[in-house]
Each structure stands twice: as structure tokens, then as C-alpha cells.
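Me: I have a model open and would like to learn how to read it. Can we go through it feature by feature?

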Amino acid sequence: GEQATYGGFYTQDEIREIVRYAADRHITIVPEIEMPAHCRAALSAYPELSCTGGPFTVIPGGYWPNADIYCAGNEATFAFLEDVLDEILRLFPGRYIHVGGDEADRTTWKNCPKCQARMKREHLADEAALQSYFIRRIERFLASRHRSLIGWDEILDGGIAPEATVMSWRGIDGGIAAARQKHRAVMTPGSHCYFDHYQGTPAFEPRAIGGYTTLKKVYSYEPIPEALAAAESKYILGAQANLWSEFISTPSHAQYMALPRMAALAEVVWSPKEGRNWPDFAERIEPLMRRYDAFGHNYARSAYLVNIASSVDTVARRARCTLACEMPTAQIRCTLDGSDPTVFTPLYREPLLIDSTATIKAAAFQGNDRFGAISSETIVRHLASFLPVQYEFPYKRYTAGGTRGLTDGLRGTKWHNDGRWQGFDGVDFVATIDLGEAKALTEIGATFLQSTASWIFVPRSVEYLLSEDGVTFEPAAAFGNLATDGRLADGPHDYSRPLADTRARFVKIIARNMGPCPAWHPGAGESSWIFVDEIVIK
């Protein structure tokens with residue numbers, strides 16, 4: 001049966017209370033009723049409004065794909081939506097009514113007789129124009145009720161409705177196009193304005209949908225695109241933060257995601273560009289956080305988290321570690337023995353040079369107070385440390401810093417975007433390391449990532465082969481029949497084997513790609529990735 005992951009609803013009295021509460025604070029609530037996609041819940045109850053007739057269920061925990069959408073050729077669809085909107089208009093007195101319009105897979109329209117008949121009757125060139133017809137028709141209805149339509153930038157596809165306002169979320173191009181057509185636009189690009197993204201290293205953050213949007217990055221945003229002329233820029237109404245709640249289940253968690261990023265965006269949109277200064281804002285954010293404390297708000301101190309970065313000194317074969325945090329006012333203190341830094345720990349002043357296994361712990365302080373979590377990083381030193389890797393198939397997009405990224409002593413986290421994983425799309429991972437001379441080996445291993453939501457699976461098998469001359473390789477250890485059926489937990493998985501009485505100069509690793517994503521996966525039939533990080537040879 002269907003398992004609910006979301007639930008509940010607002011009564012009309014509750015909506016009136018929310019609208020009144022906001023109005024008392026000079027805030028206008030804009031309701032969003034999605035169309036023609038993101039409507040599986042409605043189609044589950046009214047399957048006759050679809051092109052196929054269903055049946056439908058609400059997908060637990062997700063919203064992909066968006067192929068099940070309202071039938072644009074069915075008059076009953078518009079009667080239903082107008083009825084829904086009439087109810088919405090009675091509850092929300094504001095000017096703007098949001099209709100979504102985003103992420104619609106129009107495949108079913110191609111195969112629907114009613115939709116194709118509508119296209120022919122209305123002289124519409126393609127399904128994008130049919131979506132434009134859909135939005136224009138809803139706009140006419142809203143205009144007859146003295147309201148204005150607003151939608152995501154997909155409403156530009158196929159031709160925008162005459163008086164529509166655009167929210168530009170797929171970057172800034174939608175806002176630019178709208179302004180040049182003399183349409184109002186609100187800038188809300190995913191690059192800077194999505195507060196459901198991580199705002200610090202994911203290991204120290206509550207679960208988020210992905211992305212990486214720090215406090216400093218939010219503050220750096222400029223809503224008026226440089227590409228617009230002065231006469232066009234007046235159509236940019238401002239910017240908006242988006243806080244989608246797929247992974248947010250409590251008000252406290254929502255506060256954490258919004259604060260203090262909300263303060264950063266507020267200053268961006270309420271002050272002139274020339275008046276913004278990050279060091280000045282960073283200095284003022286500390287007393288603001290004290291106010292958050294006084295009010296009992298749950299807020300993020302992620303900007304105070306110390307980032308530990310490492311580069312490779314290939315000559316001395318050691319790591320050069322630099323420590324930094326976003327807040328210029330913070331003082332960084334660190335240890336190398338695995339102990340937690342305190343106010344008595346020496347200040348970090350210059351890069352750390354690491355030539356043996358060490359655990360770095362660092363934290364940001366303001367005066368005698370530690371702000372934020374303690375960052376920790378273990379640099380692992382082994383026989384292959386900082387040596388280059390030779391590949392049979394090249395890595396793609398995810399580089400981990402290059403040919404020494406798999407021997408830099410830093411292990412990848414559960415987050416595939418952490419910059420430490422190398423990604424191989426649809427191919428095996430085959431790599432060789434030259435130790436420079438034959439050495440006695442006691443252990444060999446590599447770590448692979450399982451993250452099925454990102455099309456990343458551990459290999460089908462892993463083999464380790466050794467050679468004295470780099471030509472003839474003998475098997476040394478292997479892992480076979482690794483779990484790729486989805487039951488293996490997401491995260492890093494280490495495949496190490498001890499070795500006995502073994503000498504070798506060359507080490508080869510062969511990790512077999514599992515092949516296309518399996519039938520149970522949303523990307524069934526598409527190529528899968530192998531993600532690999534630190535290769536450890538002892």
C-alpha cells in the first residue's frame with residue numbers, strides 16, 4: 001500500500017489566521033497552486049483530469065518524474081482549476097497568485113488525442129506552445145478576478161502570458177529574458193537563493209537536499225543582472241529565498257536553514273550594491289546571533305566552521321594543510337594530536353606541513369567563546385601517499401584534484417560533491433600506482449561510494465593485482481558479488497585486504513562498473529557511476 005511521507009492540510013480558518021498574522025506584520029502571502037505539473041496528489045483524487053486516466057498514487061518522499069500532468073485538451077481540467085482558484089482567491093487577498101508552471105514533462109501531451117486536437121484547433125506549433133496556452137488561459141481567468149499571475153521561469157517557454165510575472169530559478173537568464181520583454185521578474189536562482197541547500201560541510205549539518213550555499217555566497221548575490229540596461233533593470237522586483245521542506249520536518253530545522261542566511265539576503269535586497277561590505281556584515285552578524293540566542297531561535301553557525309584543505313607537496317611527499325572559515329573576524333585554533341581545541345590552544349597562523357599520519361582538529365573562536373562545530377580531518381600517510389595514479393579510463397567531472405587526488409591522504413565523506421571523490425560514468429575504474437621500487441606490502445584497499453539517489457553504486461567487483469615490472473600482474477586480493485541491489489547503505493565503503501609475504505612495485509586496481517541502473521531505480525537503464533577515493537597501500 002501507499003506509505004504517506006507527508007500529511008495534513010490547512011483548514012480555511014487556519015489559512016485566514018495565517019494571512020491575518022502576516023498582514024499584521026506587513027507581509028503578503030502569495031499562494032502557489034501548481035499547474036500543469038507537480039499535481040500527482042490532485043490526479044490521484046481526480047484521475048479523469050489526466051491524459052491517461054490513471055490510476056495514480058502520491059509518490060512517497062519525492063516528486064520525480066513529472067510526466068503525470070493535467071490534460072491540457074480537457075475542458076474539465078480548466079473548470080476544476082478555476083474552481084480551486086476561486087476558493088484560493090477568497091482566502092488570499094494579495095495581488096499575486098502563483099501557478100508554478102515548472103518542471104512539466106509534456107510527453108503525455110504528445111500522445112493524447114485531446115491535447116493534440118487542442119493544438120490543432122488553437123494553431124499551436126508544439127507542446128511548449130500548448131503549455132503557454134494553458135498558462136495564458138489561467139492568466140485571463142485571474143485577470144477577470146483582478147489578480148496577477150506569477151510563475152517559475154518555464155512560463156517563458158512557448159511565449160509568456162501578457163501580464164505574467166516571472167520567478168527566475170534556473171539561473172538568471174529567465175529574469176533577463178522577462179525584463180527585456182518588459183515583464184516583472186523576481187530573481188531566485190538556485191546558485192544563491194536556495195536555503196534548502198547545505199550551508200556548511202554536510203558532515204556537520206542536518207540532512208539537506210544537496211547543493212552548497214554558504215552565508216557569504218548568499219551575501220555576494222546581486223539581484224540586478226549586469227546584462228540588463230538601466231531601463232530594463234526596473235522590471236526586477238527583487239529576490240526571493242526558497243526553503244523547500246522535503247527534508248525539513250520541524251519548525252526548529254526550518255529556522256536553522258533560514259537563519260542567518262535570511263539576514264544576508266535581506267541586506268542584499270534592501271541596500272544598494274555599493275553599500276554592501278562582507279567584512280562589515282560579518283562583524284555585525286555576531287551581535288545578531290546573540291539576539292537569536294536571546295529569543296531562543298535555532299540558527300546555523302556554519303559560517304564559523306573551519307574548512308581544512310590540503311594540497312600536495314610532490315617533492316617532499318607531504319601534505320600542506322590550510323585552515324580557513326568564512327568569518328573574517330574569527331580566530332582559528334587547532335591541534336594535531338586529535339584533542340579538541342580550546343581557548344588555550346595556540347592560534348593557527350600558517351599552513352600546516354604534514355609528513356606522517358595526523359588528526360587535525362580546528363575551531364573558530366570569538367574571544368573566549370567557540371563558535372560552531374569542531375572540524376576534524378585525519379591525514380593518512382601510507383606507501384602510496386602523494387604518488388600519481390595512471391588511469392585506463394579517465395575520470396569525468398568529479399576530479400578530486402587530479403592524478404594525486406586518490407593518494408592525498410584525505411578520505412571522501414558520504415557527500416559525493418565534497419571534492420574528494422573521482423567519478424567514472426558508465427566505465428570500469430582501472431588504475432595503476434608505481435611505488436618507485438619494490439616494497440614489502442601488508443595491506444591494500446580502496447574506498448567506494450554508494451549513493452543511489454545520485455546514480456552512484458559500489459562496483460560489481462574489486463580486484464587488486466601486483467607486479468614487479470609493470471607488465472606482468474598477478475592477482476593479490478579480490479572482492480566479488482558486491483551488493484548493488486539498493487540494500488547496501490549509502491555512504492563510503494572500504495574494501496581492504498591484508499597481504500602476507502608480498503613484494504611489489506606496481507599496484508593495479510580493477511573495479512567493475514555494475515552496468516546500467518537496475519529496474520527498481522528511477523534511472524533504470526541509464527549509466528551508473530563509480531566513485532572512488534583514497535587508495536591505501538601499507
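Reply: Start at the end of a helix. Here α7 is followed by lysine 182, and the phi of lysine 182 is positive, near 65°. Keep in mind that this is a predicted model.

Me: Which residues of α7 are buried?

Reply: First the general idea. An α-helix has 3.6 residues a turn, so residues three or four places apart point the same way. In this case the buried residues of α7 are Gly174, Gly175, Ile176, Ala178 and Ala179.

Me: What do the buried residues of α7 pack against?

Reply: They pack against β4, β5, α9 (230-233) and β8.

Me: Three of those are strands, so let us turn to the sheet. In what order do the six strands of the open sheet run?

Reply: To read a sheet, follow the pairing from strand to strand. Here the order is β1-β2-β3-β4-β5-β8, and the pairing is parallel. The edge strands are β1 (32-35) and β8 (236-239), each pairing on one side only.

Me: How many bridges join β2 to β3?

Reply: Three bridges join β2 (residues 96-100) to β3 (residues 148-152), and the two strands run parallel. For a landmark, find tyrosine 96, which stands opposite serine 148 in β3.

Me: Which helices should I look at against this sheet?

Reply: Take two. Helix α3 (residues 75-91) lies across β1 and β2, and runs at about 170° to β1. Helix α7 (residues 173-180) packs on the sheet and touches β4 (165-168), β5 (185-187) and β8. The direction of α7 makes about 160° with that of β4.

Me: How is the open sheet of three strands paired, parallel or antiparallel?

Reply: Antiparallel, in the order β11-β13-β14. Its edge strands are β11 (331-335) and β14 (369-379), each with pairing on one side only. The twist averages 20° from one strand to the next. Five bridges pair β11 with β13 (residues 358-366).

Me: What stands opposite arginine 333?

Reply: Alanine 363 in β13. Arginine 333 also has its charged end over the ring of phenylalanine 365, 5.7 Å from the ring centre.

Me: Now rings against rings. Why is the pair of tyrosine 292 and tyrosine 299 called tilted?

Reply: Check the plane angle. Planes under 30 degrees apart count as stacked, over 60 as edge-to-face and the rest as tilted. The planes of tyrosine 292 and tyrosine 299 are at 50°, so the pair is tilted; the ring centres are 5.2 Å apart. Tyrosine 292 is buried, with a relative accessible area of 9%. Tyrosine 299 is buried too, at 7%.

Me: What kind of aromatic pair do phenylalanine 479 and tyrosine 495 form?

Reply: Edge-to-face, with 70° between the planes and 5.2 Å centre to centre. Phenylalanine 479 lies in β19 (residues 474-479) and tyrosine 495 in β20 (residues 491-512), so the pair ties together parts that are 16 residues apart in sequence. Both residues are buried.

Me: Which cluster do phenylalanine 479 and tyrosine 495 belong to?

Reply: Ring pairs link Tyr391, Tyr395, Phe424, Phe429, Phe448, Phe479 and Tyr495. A charge comes in here as well: the charged end of arginine 497 sits over the ring of phenylalanine 479, 3.8 Å from its centre.

Me: How many aromatic pairs are found in the whole structure?

Reply: The search finds 25.

Definitions and conventions. Residues numbered from 1 in each chain as written. Predicted model: local features only at pLDDT ≥ 70, side-chain atom pairs only at ≥ 80, totals over all residues. Heavy atoms only, no water. Pairing = 2+ DSSP bridges. Helix = DSSP H or I, 4+ residues; strand = E, 2+ residues; numbered from the N terminus. Axes fitted to C-alpha atoms, helices over the stretch in contact; angles between N-to-C directions. Contact = heavy atoms within 4.5 Å. Phe/Tyr/Trp six-rings, centres within 6.5 Å; stacked < 30°, edge-to-face > 60°. Buried < 20%, exposed > 50% of the residue type's maximum accessible area, 1.4 Å probe, protein only. Lys NZ or Arg CZ within 6 Å of the ring centre and 35° of its normal.
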